[in-house]
Amino acid sequence: MLSLRDVHVHLGKLHILQGVNLEVKAGESAALLGRNGVGKTTTLRAIMGLVSKTDGTIQFNGLDLSNYPAHAISGKGIGYVPQGRGIFPGLSVLENLNIGVKGRRDRDREDYVFACFPRLKERLQQPGNTLSGGEQQMLAIGRALMSRPRLLMLDEPSLGLAPLIARQIFDAIRTLNRQDGLTVLIVEQNANHALKLAHRGYVMVNGLITLAGTGSELLQRPEIRSAYLEGGRHA
């Protein structure tokens, strides 16, 4: 479904992505791990056309995404939940959910989102800035789901959340993937949660994928355990 081949990104004089190769098949969940500043967020932003690649190819369902401007890529079936959530704080939950929907409200899709995150239905008329951090993350994911994506990309969805709330977020993502068949690509600092969720995982170092395998395989690798599971949360 998603394929990156030898993708390079330069930001000014910085060579951020230095030949990234990554693949996510339809129905899979994939996790991208790596220390802060190695290019994980840039990878997602390159897929969405928010930064321009300088070489390589990014294909989604056989489409070369280089042929489309950033505002058109979400319409091709990719939902993106950025780091920091990116909700509109002065708009209500309902307004946030429908801000990207063209034409009339999509009540069927609203009901789908509320089934995933029942708490949002309880907060329907509340402004986004009055929600808890976990509720804001639910709202950010729900807003991405409103466009009926075939691929959902999430950047650090558990960042700043209490462990119990983070577990609820990951349970919802797992349900979306395993029960609903939604393809997922996740950048996440909590390697334990991410790799337990992922069918496949990738480790990025200095703009390159240096290690790849199934989620369970990577969980057992001693270098992964020492870097991400036994000495802190660096992913």
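## Close-up views of a predicted model

Helix α7 lies across β3, β7 and β8, and runs at about 150 degrees to β8. The model is predicted: local features need pLDDT of at least 70, side-chain atom pairs count only at pLDDT 80 or more, and totals for chains, interfaces and linings use all residues. Residues are numbered from 1 along each chain as its sequence is written, and side-chain values use heavy atoms, with hydrogens and water left out. Helices (H or I, at least four residues) and strands (E, at least two) are DSSP runs numbered from the N terminus. Axes are lines fitted to C-alpha atoms, for helices over the stretch in contact, and angles run from 0 to 180 degrees between N-to-C directions.

**View A. Packing of α6 against α7.** The crossing of α6 and α7 is right-handed (the near helix is turned clockwise from the far one by less than a right angle). In contact (heavy atoms within 4.5 Å) are G134, Q137, M138, I141 and L145 of α6 with I165, Q168, I169 and L176 of α7. By class, this contact of α6 with α7 has 6 nonpolar, 3 polar and no charged residues. Ala, Val, Leu, Ile, Met, Phe, Trp, Tyr, Cys and Pro count as nonpolar, Asp, Glu, Lys and Arg as charged, and the others, Gly among them, as polar.

**View B. The sheet of 6 strands.** This open sheet has the order β6-β7-β8-β3-β9-β10 with mixed pairing; two strands pair if DSSP finds at least two bridges between them. At the edges are β6 and β10 (208–214), each of which pairs on one side only. Strand β6 pairs with strand β7 (residues 151–155) in the parallel sense over 4 bridges, and I78 has L151 in β7 as its bridge partner. From strand β6 (residues 78–81), I78 and Y80 point one way and G79 and V81 the other way, and all are buried (under 20% relative accessible area, 1.4 Å probe, protein chains only). Strand β9 (residues 200–205) pairs with β10 in the antiparallel sense over 6 bridges; V203 has L211 in β10 as its bridge partner.

View C. T43 is in helix α1 and counts as buried, at 0% relative accessibility. Leaving aside its neighbours within four places in sequence, T43 is in contact with L4, L17, L32 and M204.

View D. Most residues other than glycine have a negative phi. D6, in strand β1 (residues 2–11), has a positive phi of about 50 degrees although it is not a glycine. D6 is partly exposed, with a relative accessible area of 37% (partly exposed lies between the buried limit of under 20% and the exposed limit of over 50%). R148, in the loop between α6 (133–145) and β7, has a positive phi of about 55 degrees and is not a glycine either. At 46% relative accessibility, R148 counts as partly exposed.
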